[in-house]
Amino acid sequence: MATPAQDLAPVLDKDGVRLTVDDALATVTLTNPAKRNAQSPALWRALIEAGRLLPGSVRVVVLRGEGKSFSAGLDRQMFTPEGLPGEPTFIDLARRDDAGIDATIAEYQEAFTWWRRNDIVSVAAVQGHAIGAGFQLALACDLRVVADDVQFAMRETSLGLVPDLTGTHPLVGLVGYARALEICATGRFVDARESVASGLANLAVPAAELDAAARDLAAALLAAPRDAVVETKALLKGAVDRTYDEQRAAERAAQTRRLRDLAGLGE
């Protein structure tokens with residue numbers, strides 16, 4: 001089993017984000033439990049940096065949060081007239097032209113996109129509250145293991161906003177349009193039992209067992225040959241945009257590459 005992340009020297013430790021690497025396993029930890037791992041532009045920039053710092057040896061990334069909550073969403077200071085020091089307030093953002101608003105949100109979204117790269121498999125270990133941006137960060141990962149006290153909620157609509165941190169696409173893919181609309185429009189909580197039943201989570205465990213369950217899943221993912229996992233992930237990700245016959249062809253092409261590589265005949 002991999003070394004616990006807290007026993008490793010961090011590759012990155014700033015703005016509420018810590019990255020540790022143990023050979024093929026990386027762990028990204030949200031490290032501000034006093035604020036329930038509230039998110040800010042500085043934290044998003046640190047998450048982007050963590051993605052860029054991943055060594056080529058890394059195959060699995062576990063995302064976790066310290067304390068009782070995975071992430072309770074945006075830092076509440078972002079909703080005040082003063083905002084966060086050095087960051088644009090919502091009023092400042094609203095005063096920009098459409099291109100300026102679009103560019104700023106696109107920059108924030110980068111913190112949520114790299115988790116689905118084909119060369120890694122990402123696993124979110126989620127406990128307590130995962131609200132708004134916290135819910136979307138969990139959705140950014142390929143897989144989710146949750147504690148039995150988890151409470152997912154998408155609260156943006158209740159604030160007069162929309163979810164804009166890349167969470168809508170995976171949410172619809174996991175639970176379907178009607179359930180996704182109901183979750184977002186009502187802002188209600190989704191608990192551990194519903195998370196597993198609806199496909200939001202792969203597994204629910206007692207809170208005390210969450211980190212161990214995430215490590216066990218990571219170990220199982222690392223047991224398969226890397227290239228086969230990479231090809232399979234790409235094949236499954238592309239399936240939603242292909243017809244049945246196009247997916248059959250994609251399977252054949254991927255298997256051809258694997259057979260040639262295994263036979264030592266790859267390019």
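Which residues are buried in helix 8? They are Leu-210, Ala-213, Ala-214 and Ala-218. Buried means under 20% relative accessible area, exposed over 50%, and partly exposed in between (1.4 Å probe, protein chains only). This is a predicted model: local features need pLDDT of at least 70, side-chain atom pairs count only at pLDDT 80 or more, and totals for chains, interfaces and linings use all residues. Residues are numbered from 1 along each chain as its sequence is written, and side-chain values use heavy atoms, with hydrogens and water left out.

**View 1. The whole protein chain.** The protein chain holds 10 helices and nine strands. Helices (H or I, at least four residues) and strands (E, at least two) are DSSP runs, numbered from the N terminus. The C-alpha atoms fill a box of roughly 65 × 45 × 35 Å, taken along the principal axes. Of the 267 residues, 44% count as buried.

View 2. Helix 8 covers residues 210-223, 14 residues in total. From first C-alpha to last it reaches 20 Å, close to the 20 Å expected at 1.5 Å a residue. That expected span is 1.5 Å times one less than the number of residues. Seen down the axis of helix 8, the buried residues fall within an arc of 140°, so they line one face. The arc is that of the directions from the helix axis to the C-beta atoms. The face turned away from the buried side carries the exposed residues Ala-220 and Ala-223.

**View 3. What helix 8 packs against.** The buried residues of helix 8 pack against strand 3 (25-30), strand 4 (60-65), strand 5 (121-126), strand 7 (143-147) and strand 9 (203-205). Contact means heavy atoms within 4.5 Å.

View 4. The largest nonpolar core has 49 residues. Such a core is a set of buried Ala, Val, Leu, Ile, Met, Phe, Trp, Tyr and Cys residues joined through side-chain atoms within 4.5 Å. Leu-47, Trp-115 and Phe-152 have the most contacts inside the largest core. Apart from it lies another core, of 14 residues, among them Ala-125, Leu-210, Ala-213 and Ala-218.

**View 5. Around Phe-152.** Phe-152 touches several residues, including Val-126, Phe-135, Val-146, Phe-189 and Leu-200. Residues up to four places away in sequence are not counted.

**View 6. Arg-36 in its loop.** Arg-36 sits in the loop between strand 3 and helix 1 (41-53). Arg-36 is partly exposed, with a relative accessible area of 34%. Its contacts include Ser-69, Phe-70 and His-129. Arg-36 and Gly-65 are 29 residues apart in sequence and 8.5 Å apart in space, C-alpha to C-alpha.
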